[in-house]
Amino acid sequence: MKNMEQALKDNNFYRCNNGYLVNLAYVERVDKNSAFVKGEEIPISRPKKKAFMEALTDFLGGGAKRAHCFWIRECQDYLLLWQSGLPA
């Protein structure tokens, strides 16, 4: 697994636990201790969670603003109201 991790490191793959390498381009959402990839729930281990979330944020464009947009993208109605300046 370590060899695969090194080989795929530059191709947006990141290890979220001892048994999975995840292509960050296919992460649909993250919920508590799981990443959802193409509808499948993949567990994120506690020791790897912070680094995994940082890698995902960097992949998505980096910075807190981009991470915040990713986190609330499921609340699109609220986001549209917020962007237009209307009270939510």
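I began with helix H2 (residues 46-59), which lies across E3 and E4 and runs at about 140° to E3. Helices (H or I, at least four residues) and strands (E, at least two) are DSSP runs, numbered from the N terminus; axes are lines fitted to C-alpha atoms, for helices over the stretch in contact (heavy atoms within 4.5 Å), and angles run from 0 to 180 degrees between N-to-C directions.

I noted that this is a predicted model, where local features need pLDDT of at least 70, side-chain atom pairs count only at pLDDT 80 or more, and totals for chains, interfaces and linings use all residues. Residues are numbered from 1 along each chain as its sequence is written, and side-chain values use heavy atoms, without hydrogens and water.

I then checked confidence: mean pLDDT (the predictor's confidence in each residue, from 0 to 100) is 74 for the protein. Over residues 63-88 pLDDT stays under 50. Where pLDDT is low, the predicted coordinates should not be read in detail.

Next I traced the open sheet, whose order is E3-E4-E5 with antiparallel pairing (two strands pair if DSSP finds at least two bridges between them). Strands E3 (27-31) and E5 (40-43) stand at the edges with a single partner strand each, so one side of each lacks a neighbour in the sheet. E3 pairs with E4 (residues 34-37) over 4 bridges.

Last, I looked up salt bridges (a side-chain nitrogen of Lys or Arg within 4 Å of a carboxyl oxygen of Asp or Glu). Arginine 15 forms one with glutamate 5, the closest N and O atoms being 3.5 Å apart. Aspartate 31 forms one with arginine 29, at 3.9 Å between the closest N and O atoms.
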